[in-house]
Amino acid sequence: MKTSILGLATVSLLSLVSAQPHRRRHVHEHQNAKKSDNVVMVVETVYALAQAPDVIVYVDQNGKPIDTTTQGTYGPPSVWSHGALSTILPSSSSTPPPAPSSTSTTSSTTSSPAVAVPVYTPAPVVAPVVAPVVQAIKSVAAPVVSDVTPPVASPVSSPSESSGYGVSYSAYKANGDCKTKDDVDKDVAAFGSGYSMIRIYGTSCNQVANVLQAAKKHGLKLFAGVSDLSTLSSDISTIAAAADGDWGCFDTIAIGNELVNSGAASASAVVAALSTARGLLKDAKYTGKIVTVDTLTATLNYPILADNSDYAAVNCHPFFDPNTAPDAAGSFIQTQMTNLRAKLADPSKEIVITETGWPHGGSPNGKAVPSLSNQAIAISSIKSKFSSAVIILSAFDDGWKTDSAGTFGAEQFWGIGAAKAPSG
């Protein structure tokens, strides 16, 4: 992300710019793509099964209990250990191993009234012993953060997480090749239940059609995008063709991503493109939201980007502020949003954080230090401040990306929990 620092007249504005130095925009559309064609939690779950003694009940010939005794003693719990939590939560086979069943044997009674007949029955206390053990495990299976790269292939998403979050996704393999429809479906299936929307950035590699189909299958909304204004018309045609008249799964279409911040286009050119896109999408019967996305800093300097969008769509990365530690990530974004709201023509306009997160690898940037534990802390901080209207970067590490000055060697390491895409 390139730095876009303007000379400012007041101390307050100077501090604002220094608080969010976007060194360079994240590159989400593969540079070689042909244009014409959106915590780690390493958890080991342990199940314990306590063993109870057998109970023997003695009855007379009429079946009336006259004495009881026990056989065996309480034994140590049997323990079963499973791998990372992410392999357990989605799996139907993740329930604890069933309690061993007792084999009931019954001795026949005799005709003599003086003989008490032992009847062997399963101990009635087994269920009360086992059930509390399993319940306790459910309550303590909390995420444990580790800086060791976890052996998981998908981002951890707990069912308790809000479904109001989105996640960004790249339809390229680590070597830069396009992912197939089956690849995309496999990846999206691994998102878990913690996200309700998937964000993509362009139209190459047939990604709109492929991701749209996967989004429908897995109950997600789609945040689509046009990455290059020079192919605006053809890209919108590609998006419309993928929708095929059914726009129900689309949440937003973005016209450009960080184009002003990167110097790829002027603010006026982006606003003009927004107007053109509205006409084209209206002709295609699209009635959903249309925005342009840029960094929060660029939008502060050019609020017309937000004023001409259906909502203020901004990327805000606390990691690029050297004075922000991971546990302050949420507060940092809140402060920046307050500053932006004061610049908008309509201060009550909705603001959506269309990209944020924290890398787990790379070089430190002052107080902003990349690591798995710090990533988990930062994302937790962000989610503690926002229950929705936030898109996390990124579903998986993007091995195809390359670093440049100002990215702190972190471009490939924004995947949530260092997750690798199942499709490669």
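This is a predicted model: local features need pLDDT of at least 70, side-chain atom pairs count only at pLDDT 80 or more; totals for chains, interfaces and linings use all residues.
**Entry 1. Helices α3 and α4**

Next I listed the residues that make the contact. From α3 I have Lys 181, Val 184, Asp 185 and Val 188. They meet Asn 210, Val 211, Gln 213, Ala 214 and Lys 217 of α4. By class, I have four nonpolar, two polar and three charged residues in the contact of α3 with α4.

**Entry 2. Helices α10 and α11**

I then turned to α10, residues 329-341, and α11, residues 372-385. The axes of these helices come within 6 Å, and they cross at roughly 45 degrees.

On the α10 side, the contact is made by Ala 329, Gly 330, Ser 331, Ile 333 and Gln 334. On the α11 side I found Ala 378, Ser 381, Ile 382 and Lys 385. Sorted by class, the contact of α10 with α11 has four nonpolar, four polar and one charged residues.

**Entry 3. Salt bridges**

How many salt bridges does the structure hold? I have nine in my notes, and I wrote out several.

Lys 173 and Asp 183 meet through their side chains in a salt bridge, at 3.4 Å from N to O. Lys 173 lies in the loop between β6 (164-168) and α3 (181-189), while Asp 183 is in helix α3, so this pair ties together parts that are 10 residues apart in sequence. I checked the accessibility of Asp 183: its relative accessible area is 11%. Buried means under 20%, so Asp 183 is buried.

Lys 179 and Asp 187 form another salt bridge between side chains, at 2.7 Å from N to O. Are Lys 179 and Asp 187 buried or exposed? I have both of them down as buried.

I also wrote out the salt bridge between the side chains of Asp 246 and Lys 216, at 3.4 Å from N to O. Asp 246 lies in the loop between α5 (232-243) and β9 (250-257), and Lys 216 lies in helix α4 (residues 207-217), so the pair ties together parts that are 30 residues apart in sequence. Asp 246 has 39% relative accessibility and counts as partly exposed. Lys 216, at 40%, also counts as partly exposed.

**Entry 4. Backbone**

I looked through the backbone with a general point in mind: most residues other than glycine have a negative phi, and most peptide bonds are trans.

Which residues does a cis peptide bond join? I found Leu 393 and Ser 394, with omega at about 5 degrees. Ser 394 is in the segment after β13 (388-393).

For phi, I noted Asn 206, which is not a glycine but has a positive value of about 55 degrees. I placed Asn 206 in the loop between β7 (197-199) and α4. Its relative accessibility is 45%, so Asn 206 counts as partly exposed.

I noted Ala 389 as well, a residue other than glycine with a positive phi near 60 degrees. Ala 389 lies in strand β13. With a relative accessible area of 27%, Ala 389 is partly exposed.

Conventions. Residues are numbered from 1 along each chain as its sequence is written. Side-chain values use heavy atoms; hydrogens and water are left out. A salt bridge is a side-chain nitrogen of Lys or Arg within 4 Å of a carboxyl oxygen of Asp or Glu. Helices (H or I, at least four residues) and strands (E, at least two) are DSSP runs, numbered from the N terminus. Buried means under 20% relative accessible area, exposed over 50%, partly exposed in between (1.4 Å probe, protein chains only). Contact means heavy atoms within 4.5 Å. Ala, Val, Leu, Ile, Met, Phe, Trp, Tyr, Cys and Pro count as nonpolar, Asp, Glu, Lys and Arg as charged, and the others, Gly among them, as polar. Axes are lines fitted to C-alpha atoms, for helices over the stretch in contact, and angles run from 0 to 180 degrees between N-to-C directions.
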